[in-house]
Amino acid sequence: MNEWLTDPRAVRGEELGYEAECAERDGDFARARDRYRAAATEYAGVALSVSPDHPNTRSALAIAAVACFARAHDFGRAVDLAERMLAQPGALSERGRTELLRMVRTYALLVEPARLPPKRAARSPHRMRDVVRGRLAAPKDAA
Amino acid sequence: MVQHGRVQHHALIRRVAVEERDRAWKADHLKATEQGGEAMAVLTAYRLLNRVVVRRLQTDTGADYLVRLVGAVGDDSLERLECSGIGDGKETTAHRLSTKLAQLARYPDEPPGHAIVTNFGTTPVEIHIGALSDE
């Protein structure tokens with residue numbers, strides 16, 4: 001087993017993830033979300049440190065982190081982390097890439113509206129005003 | 001009875017007697033079946049597939065455990081293990097196994113994933129083992 005899979009953060013992430021699943025089953029959703037968020041942070045820390053020549057390990061830890069952020073209802077961080085992992089070419093297995101892309105597509109729809117890109121402004125925000133002014137100005141110009 | 005592809009093995013499962021207090025504490029039938037299925041799968045993977053568990057995976061990550069071949073060369077050679085247990089109902093072990101293999105087949109480019117299903121509702125208990133490469 002490599003150093004990242006035995007990293008204390010990966011071990012702690014697994015423990016916290018299990019505690020979260022148990023809390024979820026018991027109906028304690030606040031505790032479950034708290035544990036999932038903590039697990040995600042632990043996994044993310046290790047996933048980002050895995051060298052690119054270990055794509056299977058990097059993918060497995062990244063998927064675990066993104067899934068935990070999502071189960072904590074922190075979809076923004078889930079998407080951010082997935083995009084960050086995807087940004088480095090060749091550092092993920094094919095399954096890892098496919099799965100993270102699927103997660104980005106799914107969770108991006110659930111990110112709160114404040115995080116969505118702003119709506120583009122209309123090309124002419126004062127179109128009506130300009131039309132009215134233009135009409136009023138036209139007779140003067142003609143005179 | 002263990003069905004591994006076309007090969008059948010016979011194995012003995014020793015059940016440990018539990019006290020009434022423990023039985024009441026673990027009264028959730030679904031949970032007990034799920035955890036029993038995981039325990040049997042991990043043991044079967046070790047005894048018959050020569051695989052050891054590396055890490056337990058989170059829900060929604062495409063499998064239940066990461067495993068590796070005992071003595072595998074390279075420390076990044078990871079495989080997925082999907083575990084399942086059947087407590088009662090009409091679903092057959094073979095059907096559940098094909099469902100689990102279909103789940104693993106979403107990523108055919110990966111090293112072969114393994115699925116192990118334990119049916120506690122049959123006598124004797126049935127354990128079916130499958131891998132994508134068996135398909």
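Trainee: Where in chain A does His73(A) lie?

Mentor: This is a predicted model. In it, His73(A) sits in the loop that links helix 3 to helix 4 (75-87) of chain A.

Trainee: What is there to read in the backbone of His73(A)?

Mentor: Start with the general idea: a negative phi is what most residues other than glycine have, and most peptide bonds are trans. His73(A) is not a glycine, yet its phi is positive, about 65 degrees. Its surroundings can be read as well: 15 C-beta neighbours fall inside 10 Å, so His73(A) counts as partly exposed.

Trainee: Which phi does Asn50(B) have, positive or negative?

Mentor: Asn50(B), also not a glycine, has a positive phi of about 60 degrees. Asn50(B) belongs to the loop between helix 2 (29-49) and strand 3 (51-56) of chain B. With 13 other C-beta atoms within 10 Å, Asn50(B) is partly exposed.

Trainee: Is the peptide bond from Thr123(B) to Pro124(B) cis or trans?

Mentor: That bond is cis, and its omega is near -5 degrees. Pro124(B) is found in the loop between strand 6 (114-119) and strand 7 (126-131) of chain B.

Trainee: How does strand 6 of chain B relate to strand 7 of chain B?

Mentor: The two strands run antiparallel and are joined by six bridges. A hairpin of six residues connects strand 6 of chain B to strand 7 of chain B. For one bridge pair, take His114(B), whose partner in strand 7 of chain B is Ala131(B).

Trainee: In which sense do strand 5 and strand 6 of chain B pair?

Mentor: Strand 5 (residues 79-86) of chain B pairs with strand 6 of chain B in the parallel sense, over six bridges. There, Cys83(B) stands opposite Ile116(B) of strand 6.

Trainee: Which residues cover the two faces of strand 6 of chain B, and are they buried or exposed?

Mentor: In general, side chains of a regular strand alternate between the two faces of the sheet. In strand 6 of chain B, one side carries His114(B), Ile116(B) and Thr118(B), the other carries Ala115(B), Val117(B) and Asn119(B), and all are buried. Since six of the six residues are buried, strand 6 of chain B is largely enclosed by the rest of the structure.

Trainee: What is the secondary structure of chain A?

Mentor: Chain A has six helices and zero strands, giving the pattern α-α-α-α-α-α along the sequence. Of its 143 residues, 38% count as buried. Among contacts in chain A with a separation of 6 or more, 61% come from residues 24 or more positions apart.

Trainee: How is the span of helix 4 of chain A checked?

Mentor: At 1.5 Å a residue, the 13 residues of helix 4 of chain A should span 18 Å, and the end C-alpha atoms are 18 Å apart, which agrees.

Trainee: Which residues of helix 4 of chain A are buried?

Mentor: An α-helix has 3.6 residues a turn, so residues three or four places apart point the same way. In helix 4 of chain A the buried residues are Phe75(A), Arg77(A), Ala78(A), Val79(A), Leu81(A), Ala82(A) and Met85(A). Their cover includes helix 2 (29-49), helix 3 and helix 5 of chain A.

Trainee: How many residues does each chain bring to the contact between chain A and chain B?

Mentor: Chain A brings 22 residues and chain B brings 17 residues. On the chain A side, helix 1 (8-25), helix 3 (55-71) and helix 5 (94-108) each supply at least two residues. Helix 3 of chain A gives the most, with eight residues. By class, the side of chain A that touches chain B has eight nonpolar, seven polar and seven charged residues.

Note on methods. Residues numbered from 1 in each chain as written. Chains lettered and ligands numbered in written order. Predicted model: local features only at pLDDT ≥ 70, side-chain atom pairs only at ≥ 80, totals over all residues. Helix = DSSP H or I, 4+ residues; strand = E, 2+ residues; numbered from the N terminus. Buried ≥ 20, exposed ≤ 12 C-beta atoms within 10 Å, placed from the backbone. Contact = placed C-beta atoms within 7 Å. Nonpolar A, V, L, I, M, F, W, Y, C, P; charged D, E, K, R; others polar. Expected span 1.5 Å × (residues − 1). Pairing = 2+ DSSP bridges.
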